[in-house]
Amino acid sequence: MVKCRVGPGRLRALRNPPRHPRGTTLKAIATTYNRGHHRLAVILACWTFLLIIAGALVTSNDAGLSVPDWPTSFGSWYKIPKLVGGVKFEHTHRMIAQGAGLLTIIFTVWTWRVEKRRWLRVLALAALGTVIAQGILGGLTVLFFLPPPVSSAHAALAQTFFCIAVAMALFTGRKWVEEQPRVEFDQRRPSLFTLTLLSIFVLYVQLILGALFRHHGLSWWPHVLNAVVVSFVLAWTAVRALTAYPQIEAVRRPAILMLSLVIAQLCLGFTAFLTRIAWGQNAVQPELPMVVSTVAHVAVGALLLATTVILAIQVWRHVPVALEERLPQAQRDPAAA
Amino acid sequence: MNKKTGWIEITVGMLALCALLALAACSKKEEAPAASPMADQPAMAPAATPIDPATVATINGTVKFDGPAPKASKIDMSQDPGCKGMNEAENVVVNGGDLANVFVYVKDGLGNRTFDVPKDPVVLDQSGCKYHPHILGVMAGQTVQIKNDDPTTHNIHPTPKDNREWNESQPPSSPAIEKSFAREEIMLPVKCNQHPWMKMYINVVKTPFYAVTGKDGKYEIKGLPPGDYTIAFVQEKLGEQDQKVTVAAKDTKTVDQSFKPAAE
């Protein structure tokens with residue numbers, strides 16, 4: 001019997017898989033594709049990306065406290081203040097955030113009504129909990145005058161929520177629900193799945209270091225130093241994915257995207273360094289090149305983290321780890337499996 | 001307890017925790033000290049040490065900038081149509097070699113003397129989307145009256161190290177905000193979060209012996225009792241320079257100072 005790090009459902013499906021010249025295909029767990037539900041998940045993910053850009057604009061324009069109260073805005077729950085100066089960025093961010101909260105509530109309720117997969121229902125609930133926690137962190141950072149740990153936690157949780165939203169869009173998609181995933185066992189060490197998890201870890205560390213620098217809690221050099229580590233780990237992961245499993249589209253696509261985003265992010269990071277630290281340190285106000293480069297750096301960083309999460313999920317699905325201690329040599333050949 | 005019920009209970013628990021946090025955050029705001037001039041004042045101010053007016057001395061002088069005058073940075077106020085003021089930064093203001101906006105104060109030499117806090121407030125005005133004055137001196141406990149003469153909303157946000165931080169909005173034509181600072185603090189930054197170019201500094205001192213250099217770089221400190229003093233000259237970008245000076249009764253001493261350009 002094949003023993004590998006896959007769930008019981010996938011193990012059942014592995015017992016009589018159809019043969020493939022190089023690998024094995026799995027039968028998907030029976031569930032139905034719901035177009036409306038999936039579209040809402042995609043809208044939520046896009047909306048969250050917009051929200052991250054709006055949040056980055058608040059920080060880059062130094063407008064975090066232009067609306068001094070929370071949860072009200074200038075004492076009102078519903079009135080839109082005059083959108084000038086810093087208020088334009090801060091209040092727009094709050095309105096988009098309210099929209100994200102509303103979309104998450106609708107998506108969670110819909111998921112609990114139509115979704116058969118229990119783990120996805122739990123994930124939707126976790127998304128709701130995350131968006132509530134994120135709103136509270138945003139409020140606390142206003143009430144306590146932007147303390148670096150709280151503001152950084154707010155920035156990190158935003159991208160965590162974005163990753164959850166993107167993952168939910170993937171899980172509700174037609175391809176995920178209806179495809180028969182092609183599976184190849186990974187016998188190399190470290191496994192590709194381990195590498196993707198390591199990539200997520202170093203990216204998350206990078207996110208926290210970057211957020212702490214942006215919110216004046218840390219110098220710039222730890223973020224720049226860790227960028228070297230991130231580049232190495234992500235390049236290793238992408239090269240492994242592209243050389244070992246180029247035939248699996250679900251792995252190849254996010255790997256190529258991840259590699260492209262790493263290159264773009266390095267260029268943006270360098271530009272942000274120049275505009276903010278080298279040239280803009282004594283600027284009397286936030287200047288356009290600094291705002292554009294830092295916001296783009298945050299946005300591409302969010303896309304990179306989400307892409308890496310998607311890659312990890314697809315690797316988990318398509319390239320499960322074969323455990324040497326449990327898997328006899330004869331069964332390590334995918335065809336034999 | 002089955003698994004499903006467990007998940008629901010965990011979720012409900014998390015939501016309740018979040019609600020409690022939100023409540024705590026809201027109540028924190030309500031519990032914050034009232035924004036009155038008395039809020040930051042020491043509980044009991046000791047009686048002022050008398051000074052013989054017949055013996056007091058004066059220190060005056062000029063602060064120079066030793067180097068080519070830096071070009072003032074331009075400010076872009078286009079993000080708010082309500083801002084129509086002069087669009088130049090005031091971080092280093094040099095006129096013909098004279099350095100303006102230097103805070104000069106008696107840093108040391110007054111021992112344990114105490115001084116009455118003036119009843120009159122000092123005024124900080126917002127007009128043309130700039131703070132006037134750019135550098136302000138005030139005694140600890142003295143009222144700072146903040147006015148808004150602009151047709152737009154401002155946001156006053158001091159970011160002190162040793163005093164209480166606050167952040168308040170001030171719409172056009174609204175009454176003046178009155179605040180005070182309890183502890184001595186030099187170059188306490190104040191900014192407007194609505195207009196990121198709006199920055200100024202408040203200098204909170206325990207004595208009335210301070211001055212700010214004008215456009216001609218000149219300052220004058222009157223009413224000093226005879227003694228040995230350390231005079232500090234503080235500029236927001238160029239830092240602090242100190243000078244020792246001894247004044248006798250009825251003396252008038254000139255103490256000039258010069259600053260070099262900041263190293264890039």
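B:Tyr105 sits opposite B:Tyr210 of strand E14(B). This is a predicted model, in which local features need pLDDT of at least 70 and side-chain atom pairs count only at pLDDT 80 or more, while totals for chains, interfaces and linings use all residues. Residues are numbered from 1 along each chain as its sequence is written, and side-chain values use heavy atoms, with hydrogens and water left out.

Let us start with the sheet. Strand E4 (residues 103-108) of chain B runs antiparallel to E14(B), and three bridges join them. Strands here are DSSP runs of E with at least two residues, helices are runs of H or I with at least four, and both are numbered from the N terminus; two strands pair if DSSP finds at least two bridges between them. The open sheet has four strands in the order E14-E4-E16-E17 (chain B), paired antiparallel. Its edges are strand E14 (210-212) and strand E17 (239-247) of chain B, each pairing on one side only.

Now to the interface. Chain A brings 28 residues to the contact and chain B brings 35, where contact means heavy atoms within 4.5 Å. Together the chains bury about 2,800 Å², with 62% of it on carbon and sulfur atoms; buried area is the accessible area (1.4 Å probe) that two parts lose on being put together, summed over both. A:Phe145, A:Val284 and A:Gln285 supply 23% of the area that chain A buries against chain B, more than any other three residues.

One salt bridge is counted between chain A and chain B, with a side-chain nitrogen of Lys or Arg within 4 Å of a carboxyl oxygen of Asp or Glu as the rule. A:Asp62 and B:Lys191 meet through their side chains in a salt bridge (3.7 Å, N to O).

Methods
Chains are lettered from A and ligands numbered from 1 in the order in which they are written.
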